[in-house]
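User: Hi! Could you walk me through this structure, one question at a time?

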2 protein chains.
Amino acid sequence: MTRCPDLTNAELRVMKALWELDAASVSDVRAELSKRGQDLAYTTVMTLLGRLATKGAAQVDKTREPFIYRPAHRRESVLRDRLRAFVAEVFDGRADSLVLGLVEDATLSRDQLKAIERRIADAEKPKRGAKR
Amino acid sequence: MTRCPDLTNAELRVMKALWELDAASVSDVRAELSKRGQDLAYTTVMTLLGRLATKGAAQVDKTREPFIYRPAHRRESVLRDRLRAFVAEVFDGRADSLVLGLVEDATLSRDQLKAIERRIADAEKPKRGAKR
DNA sequence: CCCATCCAACTACACCTGTAGTAGTTCTAC
DNA sequence: GTAGAACTACTACAGGTGTAGTTGGATGGG
């Protein structure tokens, strides 16, 4: 599995639109971005998609015009990579203090935290049988 | 309370050294960074400290040479701001899915998660009496 | 057929970032 | 008091980033 390349913020925004659309032309992406309050020139979107393609973050189908772009990596992988880098860079790898910060900041409520825990517990149980 | 300005990664690394030292000259910071595996030219550290001062992230005492720099904001505030921006930017504000990502990634263990929860519960209890 | 439209390729460009060099000033140890 | 060290101010500069313009081909309506 090819590693997900690093994306800039602008590129990530475009990727989010792409994930939403799954397979789209420049215009489609542009419209989706506009829907999200990001109004960019057509050529700007093209530039970004081009960069994404160069980086291998998106695949382009050039057999027909307009070109169709689609994401080359799952959303979760990319976000996870970003997250990992962020934890390392900003929190020196201490994920727990990051989470603590979230809660103190009230960005994350205790309830949400509990919900997460429950979700994890649920996910873990089935694995018990088919473990490895 | 003046808002903490945005810092680049290099600047943040310098700030971390500054927080550790609390009040320090360029040389001091440089030594601290070196201790952390960051070997930068003296002038590079100076440039970074200068930028931090310009941004208002550090205060400089110029009454005596060498100048003494100290952090203008608490570590927690700055990290929290960064975190907040990150959650908004990358996870569209969904902190819970961020945490979930951490756990799935095994960056955060279930035990750590529980420990955090316990810590929060503890912190919340005393507040009950002196509430609001 | 010709003009407008859509689209891709290439080009542009200002600002940011990370890293550092040079010049000039003061302090300090002979 | 002079040479070198320490230190600051200014300058530099390549590469990244966000945003967009220009050029030219294809296409479709009149």
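Analyst: Happy to; below, your questions and my answers take the parts in turn. Keep in mind that this is a predicted model.

User: Which residues is B:Val14 in contact with, leaving aside its neighbours within four places in sequence?

Analyst: B:Val14 is one of the core residues that touch the most other members. With its sequence neighbours set aside, the contacts of B:Val14 are B:Val29, B:Leu33, B:Val45, B:Leu48, B:Leu49 and B:Leu52.

User: How is H1(A) oriented relative to H2(A): roughly parallel or roughly perpendicular?

Analyst: Two packed helices are described by the angle and the distance between their axes. Here the axes of H1 (residues 9–21) and H2 (residues 26–35) of chain A come within 9 Å and cross at roughly 105°. An angle from 65 to 115 degrees counts as roughly perpendicular, so H1(A) and H2(A) are roughly perpendicular.

User: How many charged residues does the contact of H1(A) with H2(A) have?

Analyst: On the H1(A) side the contact includes A:Arg13 and A:Glu20, and on the H2(A) side it includes A:Asp28 and A:Glu32. Sorted by class, the contact has six nonpolar residues, no polar ones, and charged residues numbering four.

User: Which helix gives the largest share of the side of chain B that touches chain A?

Analyst: Between the chains, 31 residues of chain B are in contact with 31 residues of chain A. On chain B, H1, H4 (75–91), H5 and H6 (110–129) each supply at least two residues. The largest share, 10 residues, comes from H4(B).

User: Which element gives the largest share of the surface near DNA strand C?

Analyst: DNA strand C is surrounded by 19 residues, and the closest include A:Pro66, A:Phe67 and B:Thr8. By class, this surface has eight nonpolar, nine polar and two charged residues. Its largest share, four residues, comes from H3(B).

Technical notes
Residues are numbered from 1 along each chain as its sequence is written. Chains are lettered from A and ligands numbered from 1 in the order in which they are written. This is a predicted model: local features need pLDDT of at least 70, side-chain atom pairs count only at pLDDT 80 or more; totals for chains, interfaces and linings use all residues. A nonpolar core is a set of buried Ala, Val, Leu, Ile, Met, Phe, Trp, Tyr and Cys residues joined through C-beta atoms within 7 Å. A residue is buried if 20 or more other C-beta atoms lie within 10 Å of its own, exposed if 12 or fewer, and partly exposed in between; C-beta atoms are placed from the backbone. Two residues are in contact if their C-beta atoms, placed from the backbone, lie within 7 Å. Axes are lines fitted to C-alpha atoms, for helices over the stretch in contact, and angles run from 0 to 180 degrees between N-to-C directions. Angles under 35 degrees count as roughly parallel, over 145 as roughly antiparallel, 65 to 115 as roughly perpendicular and the rest as oblique. Ala, Val, Leu, Ile, Met, Phe, Trp, Tyr, Cys and Pro count as nonpolar, Asp, Glu, Lys and Arg as charged, and the others, Gly among them, as polar. A residue is near a molecule or strand if its C-beta atom, placed from the backbone, lies within 6 Å of it.
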